[in-house]
Amino acid sequence: MNHQQAYRVQRLILIIALMLILFGDTGMNAVFSFSHQPQSIWFYPQLVIALITAAGPNLLLMALGAYQLRRTALTVPQLIRRVLWIIGGITLFSLAFYLEDLVTQGSLNSFNIAGFLTALAQAPVGFYDI
């Protein structure tokens, strides 16, 4: 497999993982709604779909990470820069998540750092997988 084909396969796996994460975020409204229905013939296929939705993204992203291990190792400054980019992205996403919550509640003037740090610790986990 040449470099271009490997790149396309990686992007396809990433898109599938993202779609599964978004589908999994529908929760009880869609993917896990079968658990509230009486048991029927469709219970088990829906259970398999729910299991694939729950475990699939993590497994696909782990496979991508394992493939990336074949690359040359990062230097310490490169690794620190990447970790800081990830922490900054999580912080910005958590800030947007917190502000969106305040705006929908109509209490934007009650912004405080303690509330933001709570949102930082509790932002949706599925997005951190991405």
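Welcome! This structure holds two aromatic pairs, and since you are looking at a predicted model, treat the tour as a walk through a prediction.

**Stop 1: Phe43 and Tyr44.** Select these two residues and show their side chains. The ring centres lie 5.2 Å apart and the planes meet at 90°, so this pair is edge-to-face.

**Stop 2: Tyr98 and Phe111.** Next, select the other pair. Here the rings are tilted, with 55° between the planes and 5.4 Å from centre to centre. Which parts of the chain does this pair link? Tyr98 sits in helix H3 (residues 76-105), while Phe111 belongs to the loop between H3 and helix H4 (113-122), 13 residues apart.

**Stop 3: the whole chain.** Switch to a cartoon view and zoom out. You will find five helices and zero strands, running α-α-α-α-α from the N terminus. The radius of gyration is 19 Å, well over the 14 Å that the globule rule gives for 130 residues, so the protein is more spread out than a compact globule. Along its principal axes, the C-alpha trace spans about 50 × 50 × 20 Å.

**Stop 4: surface and charges.** Show the surface of the whole protein. Finally, colour the charges: the mean positions of the 6 positive and 4 negative ones are 27 Å apart.

How values were computed. Residues are numbered from 1 along each chain as its sequence is written. This is a predicted model: local features need pLDDT of at least 70, side-chain atom pairs count only at pLDDT 80 or more; totals for chains, interfaces and linings use all residues. Side-chain values use heavy atoms; hydrogens and water are left out. Helices (H or I, at least four residues) and strands (E, at least two) are DSSP runs, numbered from the N terminus. The radius of gyration is taken over C-alpha atoms; the globule rule is 2.2 Å times the number of residues to the power 0.38. Lys and Arg count as positive and Asp and Glu as negative; His and the chain ends are not counted. The place of a charge is taken as NZ of Lys, CZ of Arg, CG of Asp or CD of Glu. Rings of Phe, Tyr and Trp (its six-membered ring) pair if their centres lie within 6.5 Å; planes under 30 degrees apart count as stacked, over 60 as edge-to-face and the rest as tilted.
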